Amino acid sequence: MSHRVLITGGTGMLGRTLARVFSDLEVVSVGSKDADLTLESQARRLVKESRATVVLHSAAMTAVDLCETERERAFQLNALATEYVARAARDSGARLITISTDYVFAGTLDRPYHEWDACGPNTVYGFTKRLAEEAAQRECNNHLIVRTAWLYGEEGPSFVHTMSKLGAEDGAPLRVVRDQLGNPTSTLALARHLRRVLDVPVKGTMHLSCEGETSWFGFARAIFEHHGFKRVLEPCTTADFPRPAPRPANSRLDKRVLRLLGLPPMPTWQDALAEFLGSRG
Ligand SMILES: NC(=O)c1ccc[n+]([C@@H]2O[C@H](COP(=O)([O-])OP(=O)(O)OC[C@H]3O[C@@H](n4cnc5c(N)ncnc54)[C@H](OP(=O)(O)O)[C@@H]3O)[C@@H](O)[C@H]2O)c1
């Protein structure tokens with residue numbers, strides 16, 4: 001099926017991969033220099049001039065800790081900008097696919113969160129991303145909210161990049177949190193699934209993160225094993241590393257909608273990680 005896709009956040013980690021994976025389609029990929037989405041006039045002009053049939057909204061303020069101190073910026077960029085993009089998509093007759101996060105959940109359930117679970121963000125980032133979801137629901141009937149988590153991709157910055165650098169250095173044992181669980185997800189795996197989803201007229205909310213689960217410690221260990229690093233890894237707890245924005249203990253996402261639609265599952269996090277690290281040599 002042919003689509004003309006506008007990618008916002010095209011200069012970001014996910015956006016760069018999306019443009020590469022969508023190379024069979026007509027793509028307009030933009031960053032903040034092309035249009036400041038916190039200004040409704042610019043969001044509207046961008047969507048209209050792109051003549052997109054699908055607006056894939058990936059732009060956001062993703063620095064989770066910074067959102068705690070620069071709250072107004074987080075509201076502006078995550079909540080308001082999404083509202084502007086959603087309205088512009090509606091007025092242009094385009095489908096809106098907006099990228100969201102596990103941070104919309106409280107992270108306290110003892111099982112993976114599915115798409116119908118109640119939200120309860122505990123951070124400014126999570127709260128403003130939830131407002132973004134609500135704006136998409138309110139402003140653009142033809143919307144799909146795609147929640148993902150623990151992303152890494154070419155050029156980073158990401159946990160994989162940090163661990164690949166720190167593991168290669170000599171030094172004291174590296175302490176990594178073991179009491180937070182999630183689904184490490186490559187931007188490549190997510191982009192490939194989003195490419196499939198483009199051809200399916202599904203509306204509502206869908207979770208897309210890699211299959212399987214681990215802790216940050218388990219994720220670090222897999223990265224170290226791949227590289228053959230000798231530096232010692234030591235498990236620690238969230239309480240050992242207080243952060244301005246509290247991290248969810250449970251970031252695991254159940255891909256229930258994907259299953260119910262009969263679409264292929266996401267790859268396992270181990271396979272996606274091996275592909276990513278293998279491609280970097
Ligand atoms: N990274 C993760 O682990 C993760 C996990 C779950 C969900 N997500 C979601 O996935 C999406 C992509 O994340 P990412 O990590 O790829 O983000 P990122 O690398 O931080 O990129 C953010 C993008 O937003 C753009 N942007 C910032 N301010 C803007 C403005 N005023 N107007 C227009 N564009 C603006 C940036 O453009 P410039 O660079 O040109 O300024 C950049 O392209 C986000 O919606 C995020 O919330 C991410």
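This is a predicted model: local features need pLDDT of at least 70, side-chain atom pairs count only at pLDDT 80 or more; totals for chains, interfaces and linings use all residues.
Residues are numbered from 1 along each chain as its sequence is written.

Let's start with the ligand. It is surrounded by 26 residues, and the closest are Gly12, Leu14, Gly31, Ser32 and Ala60. A residue is near a molecule here if its C-beta atom, placed from the backbone, lies within 6 Å of it. Which elements each supply at least two residues of that shell? They are helix H1 (13-21) and strand E4 (95-101), and H1 gives the most, with three residues. Helices (H or I, at least four residues) and strands (E, at least two) are DSSP runs, numbered from the N terminus. By residue type, the shell divides into 10 nonpolar, 13 polar and three charged.

Now over to helix H2, residues 40-50. Its buried residues are Ala43, Leu46, Val47 and Ser50. Looking down the axis of H2, these buried residues fall within an arc of 90°, so they line one face of the helix; the arc is that of the directions from the helix axis to the C-beta atoms. Buried means 20 or more other C-beta atoms within 10 Å of the residue's own, exposed means 12 or fewer, and partly exposed is in between, with C-beta atoms placed from the backbone. The face turned away from the buried side carries the exposed residues Ser41 and Glu49. And what do the buried residues of H2 pack against? Their partners are strand E1 (4-8), strand E2 (26-30), E3 and helix H4 (71-92), with contact meaning C-beta atoms, placed from the backbone, within 7 Å.

Arg51 sits in the loop between H2 and strand E3 (54-57), and it counts as exposed because it has 12 C-beta neighbours inside 10 Å.

The peptide bond from Gly156 to Pro157 is cis, with omega near 0°. Glu155 lies in that loop between E6 and H6 too, and its phi is positive, near 70°. With 9 C-beta neighbours inside 10 Å, Glu155 counts as exposed.

Notes. Ala, Val, Leu, Ile, Met, Phe, Trp, Tyr, Cys and Pro count as nonpolar, Asp, Glu, Lys and Arg as charged, and the others, Gly among them, as polar. Two residues are in contact if their C-beta atoms, placed from the backbone, lie within 7 Å.
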